[in-house]
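Welcome, and thanks for taking a look at this protein with us.

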Amino acid sequence: PPVQNAELGKRAPRWIRDNEVTMCMKCKEPFNALTRRRHHCRACGHVVCWKCSDYKAHLEYDGNKLNKVCKDCYHVIIGCTDSEEKKRKGILEIESAEVSGNSVICSFLQYMEKSKPWQKAWCVIPKQEALVLYMYGAPQDVKALATIPLLGYTVDDTPKSADLPHSFKLTQSKSVHSFAADNEELKQKWLKVIHLAVKGETPECQNE
């Protein structure tokens, strides 16, 4: 479980693995090979970029030695609150781990828009917004790449390509979103949810 604020620095965090994120978990800047190395905050275990890990605090679990921490943990540990940080999160800024843990359905799907190449996306339909599909680059990302309000879309579940037999399409006037699941069972789970959502009905939870 994540370290609670009161325990920051008192117990070692669970490190989120580098490959579970595609962006800094604090400032949401994408990591890329050249400019953004991944660093771990020694207090909360989050993966952050160099700018957001440029803080040091004494951590009790490490014999009060100075350790690299992220900006948020630094403020908590030294006891300074940053009220501006509490600004309302935008719609895309709901953390993936937060919505995945309380979702109707979530899994990796291949995704294609217009004629762009297929890409893997972590797709989530949150319980509190069961008519919206959130797409993330990875399960621990802190900002969605895109959201699709499903109401009013038409579902086409006949696969167009032999390479991706478990695909389906969502269309609404000019916008077309294509998805492909790894297997038929997963595809049917998603379709069950989406068929209801496009009609404005709240789907049953498929995550059990």
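**Charged pairs and a hairpin**

Arg-11 and Glu-7 are joined through their side chains by a salt bridge, with N to O at 3.2 Å. A salt bridge here is a side-chain nitrogen of Lys or Arg within 4 Å of a carboxyl oxygen of Asp or Glu. This is a predicted model, in which local features need pLDDT of at least 70 and side-chain atom pairs count only at pLDDT 80 or more, while totals for chains, interfaces and linings use all residues. Residues are numbered from 1 along each chain as its sequence is written, and side-chain values use heavy atoms, leaving out hydrogens and water.

**Salt bridges**

- By this rule, the count is 5 salt bridges.
- Asp-62 pairs with Lys-65 in one of them, the closest N and O atoms lying 4.0 Å apart.
- Lys-116 and Glu-113 form another, with 3.4 Å between the closest N and O atoms.

**Accessibility of the partners**

- Arg-11 has a relative accessible area of 29% and is partly exposed (buried is under 20%, exposed over 50%, partly exposed in between, with a 1.4 Å probe and protein chains only).
- Asp-62 is partly exposed at 26%, and Glu-113 is partly exposed at 24%.

- Strands E3 (residues 55-59) and E4 (residues 65-69) run antiparallel and are joined by 5 bridges (strands are DSSP runs of E, at least two residues, numbered from the N terminus; two strands pair if DSSP finds at least two bridges between them).
- His-58 has Leu-66 as its bridge partner in E4.
- The hairpin has 5 residues between the strands, and Gly-63 takes a positive phi near 65°.

Definitions and conventions. Helices (H or I, at least four residues) and strands (E, at least two) are DSSP runs, numbered from the N terminus.
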